[in-house]
Amino acid sequence: MAESTKSVPSSLGALGLALALAWLVAPQRGSLDRELHTAIVAQGGRRVSRSPPTWQHDHFLSPAELVHVEHAIAAMPEDELPACALPDDSPRRCGILPVGNDTVLLGVVDRLGALFGANATLLASGIPVVRLRSGSPGIGTHLDHFHGGPMPAATALVYVSAMPEGSGETYFPATGLKVAAVPGRLLAWTNVAGDHPNQRATHGIRPIPSSAPHRDILLIPMDRAGDEDAMATGRLHAINHHVGADLTLRSESPPSSECDGCNPCLGRRLRAVRGLLFGTVVAYGCEACCDGEDPP
């Protein structure tokens, strides 16, 4: 009896030690990255970069959905794709694809919400479309922002048009990541680190040859602000407004350390413990903060 009583404090001590180790080596990044990672991977996507956190879903649109979306965009009158708050002769055009009672587009809206664990009801009135015309020089490196406003917490885009190899691809200079514009593919990333722009989310678009078709994409910003539900619950909302390329944010915004919020660099043994507990030895987005690397 005495032996069994003594084992209780011993067990509690072991449990306390395990919890303390878990807290020490747990991912310390903001909840947004973890929420998106969990939701996107559960829907068949995969992470392609940790800093900025970036995900890719190669078959987000089915072949039938893709054809439907292509035809719906092609049916939009030219005056519904005006220049995106830029000079009228700009090759970058922005519009809102009407959804209405279109069951295919409503299905796409529902799956976008599920993919991000987001409220997508605003998209039921229309999905933002961005076109880069044939012969466009592309878009230089930039950070996304709402026209005349702040940055969205995250950006999602769905490629619609087939492009020649290397044309119209999205690239992130800080990581060397290059994502080809493959029709039906979804690409998403977070734009912020804490309260500041994540400079590593700076990205650009490669030029479109004059012999290539227009480059059409669905471009959906995600944010937690904007209405009472988002403010009260903290849930992401898919926004049916356009984002623009702000080429000034890189130099004018307060610098943010990509290591803010990361757990301290761990020794070999603690990295091994963290790997067993979480399947990764460095917290999401923190791989550049330490000299350790995730196992293959």
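E78 is partly exposed, with a relative accessible area of 45%, where partly exposed denotes the range between buried (under 20% relative accessible area) and exposed (over 50%), computed with a 1.4 Å probe on protein chains only. The model is predicted, so that local features need pLDDT of at least 70 and side-chain atom pairs count only at pLDDT 80 or more, whereas totals for chains, interfaces and linings use all residues. Residues are numbered from 1 along each chain as its sequence is written, and side-chain values use heavy atoms, with hydrogens and water left out.

**The E78 pair**

- The side chain of E78 meets that of R133 in a salt bridge at 2.7 Å, N to O, a salt bridge being a side-chain nitrogen of Lys or Arg within 4 Å of a carboxyl oxygen of Asp or Glu.
- Because E78 lies in the loop between α3 and β3 (92-97) and R133 in the loop between β4 (127-132) and β5 (139-146), the pair ties together parts that are 55 residues apart in sequence.
- R133, like E78, is partly exposed, with a relative accessible area of 25% for R133 and 45% for E78.

**Other salt bridges**

- By the rule given above, the count comes to six salt bridges.
- One of them joins the side chains of E65 and R111 at 2.5 Å, N to O; E65 lies in helix α3 (residues 63-74) and R111 in helix α4 (residues 103-116), so this pair ties together parts that are 46 residues apart in sequence.
- Within that pair, E65 is buried at a relative accessible area of 15%, while R111 is partly exposed at 30%.
- R206 forms a salt bridge with E169, the closest N and O atoms being 3.5 Å apart; R206 lies in the loop between β12 (203-205) and β13 (215-223) and E169 in the loop between β6 (154-159) and β7 (170-172), so the pair ties together parts that are 37 residues apart in sequence.
- R206 counts as partly exposed at 27% relative accessibility, whereas E169 is buried at 13%.
- A network of salt bridges links R46, D58 and R185.

**Overall fold and surface**

- The protein has seven helices and 15 strands, which are DSSP runs numbered from the N terminus (helices H or I, at least four residues; strands E, at least two).
- Of the 296 residues in the protein, 47% are buried.
- Among contacts (heavy atoms within 4.5 Å) with a separation of 6 or more, 75% are between residues 24 or more positions apart.
- The protein exposes about 14,200 Å², of which carbon and sulfur atoms supply 58%; accessible areas come from the Shrake-Rupley method with a 1.4 Å probe, and for residues only the protein chains shown count as cover.
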